[in-house]
Amino acid sequence: RHPTAPSIMNGHFAGIGESANPADFEHGVQIVDQEKNFNENLGQYLQLEGIIRAGFNYHIISVFGSQSTGKSTLLNYLFGTQFGVMSEQERRQTTKGIWMSKNKKENAAGEKSMAENILVMDVEGTDGRERGEDQDFERKSALFALATSEVLIVNIWEHQVGLYQGANMGLLKTVFEVNLQLFLKNAKNVTRSLLFFVIRDHLGTTPLSNLKQTLIQDLQRIWGGLSKPPGLEKSQIEDYFDFGFVALPHKILQPEKFEQEVRNLGTRFREGYKNPKTAGLIDEQSEPILLSEYHRRIPADGFPMYARGVWEQIDSNKDLDLPTQQELLAQFRCDEIMKEVLVPFDEIIAPLEEQQAQGVAAGKPSIIAKLGKVMAGARSVLLASFEEEASRYHKGVYKRKQTELEGKVDGRLKTLFQGQMTAAHKSGLNDFSEAVTTAVKAGQKKGSNYDFHKIVSSEKDKALKRFESEAQTSLVTGTPWSDYKSQLNLFRKELDEVSGRLRKEEMRRLANRSERWVRSKLDESVGLEFNKLGSGRGGSGAPAEGQKPASERDLWDRIWNVFTDTVSHAESRFTERARSFDASPDEVEVGLWRLRRKSWGALRGKIDEEMMEGNLLLKLRENFEDKFRYDDEGVPRIWRPTDDIEGLYTRARESTLEVIPLLSRFKLAGTSSPPPLDAWIGEAPSNVTSADEEDLQPIGGVDEDEAKSLEEEMTILSDAKAQDLSTRFKKTADGVYIEAKRSAIGGMTQ
Ligand code: GDP
Ligand code: MG
């Protein structure tokens, strides 16, 4: 028994209300009333008596016979039931329709105790004293009893035995006829029954064996007289029935003997198997009569519905089709059981479905812990409960419904599983890119020498492992839908895409670092070159008369060289680093192209900074003063009135003024032309994207659609600016000259 099964089957199905009141069933339950209506309370009654969950562990027995032959009395003695009996005074028929009650004596102690869950049907008497010649009910109730009962007790007075024309014989004829009718339609489904004759008021003068012989002869005569349907002409009565006989003493004349014999009879309502020696004739006075082959195999929880279906077919005079009834019952019950087993399943699974749906709606699918274990548990409990309850029904229907249930449940579990995989996928990608970013940041803190490639590949490994283990704890082993290969492949693919994106970011970082490095190098080295302007004598000795000092004349050459050297150094470091994390040649090419452009921008910025008016004026003044106030040996002049102050002043001023046009254009000394910036930057690589170009400044002479020419790009000072600068410089120089003049005169007067 499955541990959870009992709690599932609380009988929430048709015909069983929640509130069965024992008082309503004092005399058992009237299954069919005198108007031939089926009573819907049968299920409630079986529930109340604790039989509904008995499976096949129950028995149905009916009693037949003329009215007022003590049938109900016998049953009450035998089974402790409380069927209504006729009072001695009234002599009116009491039992109407068909009643059923559970055996109340099953717990009576004794060596040969009765079988569990015997249900006894008390059928309205049939000699029609009050119903007139109502053969209709007689036939119907006989058919109903045959279709449902394992044992049919035929109750008969001893003095009626041998009265072939008596009411009892009419009843037996009916029983045989309806049995043939039933058999014709349901050959494979008709189960043998026991016709158990109880002979009442047995005086003892005629031994039971003689009575038995008489009865058997009568039965065979009845059988012989029946017109049998084609194919069954030669059939024997024994083909359909087993027979048993028992005699009881007179209840009123021999009350103690009567009760004693009834007790003996009670012990025979035990389960047993057919004794091959007495096959077909249950003869022994002590043999069990509830043989397993008589059982109708209708599960107890399906019996109310089955009984109703059978009765309705009988009552509407349709041919009773038991296989169809059993299939209908199986379909109905399997559907009900399906609903029932889905209740505890839903209690576990529905909240998870809800949780998942909410996560999806909120845009952040959550991972459900131990999903696989929970699903496997709910699933196996469900299938086991279903099997336990439903497999008792029609096999074909059961199998079909089992497949249907499995499909239904697995559809939902599969959805959950796939949702879980989607969540694992999303969070896996997130975690991966976060982990890479964090590791890169840590690497950057320690210096920029971290191994990006290694970070990515180790985080990718971790992400894949995490994904796989999440899949493993989310699936249900043995189900066809628990396959995550394609999800894993998709995850791997998207990890690669994210890696690509992260690599691009890393490229960007590398590019930024390279640019910063170039900028700071240029700051230093270009600054140095401009500072040299402050010294009018350049690097090596004094310039010859009329010649510009070397430091001024090839300023741009040196700047260009230092620039291209710096960038080339940065380029090779960039390439090496980018290759280390598998950047593609294309990506490297674009990166270098961007680096060159950005570097040019940096240089241009640095030059502009140096060329700011104040800076430049200061440099020119220094340049001039150097030429004017120091002699060729670099010794400061002490002005004397005899000195050619004016001549020195003019030469120095002119020499410095010549620097201005030189500074105004970025030109190489050798060619007197701008440096080959366009060639140096090169064509834009074919795979440049607009994102790559987004933050780039246009460069004159390099970018074709740019209005600016290379000349213009290389124009450092406009003519107007140069003019203005000359004027202002001259004023400064004049000031220096006057000061020199004054100091020469001052020196003399002292
Ligand atoms: P039913 O119509 O067959 O169910 O008969 P009842 O059980 O209602 O009994 C009808 C009458 O027969 C009642 O008055 C009983 O007291 C009486 N009766 C019951 N059992 C016996 C019996 O074994 N012998 C005799 N002679 N009368 C009985
Ligand atoms: Mg009765």
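## The chain overall

Of the 750 residues in the chain, 49% are buried. Keep in mind that this is a predicted model. The chain has 22 helices and 10 strands, and its accessible surface comes to about 36200 Å², with carbon and sulfur atoms holding 49% of that area.

Now for the contacts. If you take those in the chain with a separation of 6 or more, 77% are between residues 24 or more positions apart.

Let's look at β3, residues 98–102. Four of its five residues are buried, so the strand is largely enclosed by the rest of the structure.

Which strands pair with β3? One is β1 (residues 29–32), running antiparallel to β3 and joined to it by three bridges. Here Val32 sits opposite Ile98 of β3. Another is β4 (residues 118–123), also antiparallel, with five bridges to β3. In that pairing, Trp99 has Asp122 of β4 as its bridge partner.

## Helix α8

Further along comes α8, residues 303–315. Just after α8, Asn317 takes a positive phi of about 60°.

Which residues of α8 are buried? They are Phe303, Pro304, Tyr306, Ala307, Gly309, Val310, Trp311, Gln313 and Ile314. Their cover includes the strands β1, β2 (59–65) and β3, along with the helices α2 (42–48), α4 (135–148) and α9 (322–361).

Conventions: Residues are numbered from 1 along each chain as its sequence is written. Chains are lettered from A and ligands numbered from 1 in the order in which they are written. This is a predicted model: local features need pLDDT of at least 70, side-chain atom pairs count only at pLDDT 80 or more; totals for chains, interfaces and linings use all residues. Side-chain values use heavy atoms; hydrogens and water are left out. Buried means under 20% relative accessible area, exposed over 50%, partly exposed in between (1.4 Å probe, protein chains only). Helices (H or I, at least four residues) and strands (E, at least two) are DSSP runs, numbered from the N terminus. Two strands pair if DSSP finds at least two bridges between them. Contact means heavy atoms within 4.5 Å. Accessible areas come from the Shrake-Rupley method with a 1.4 Å probe; for residues, only the protein chains shown count as cover.
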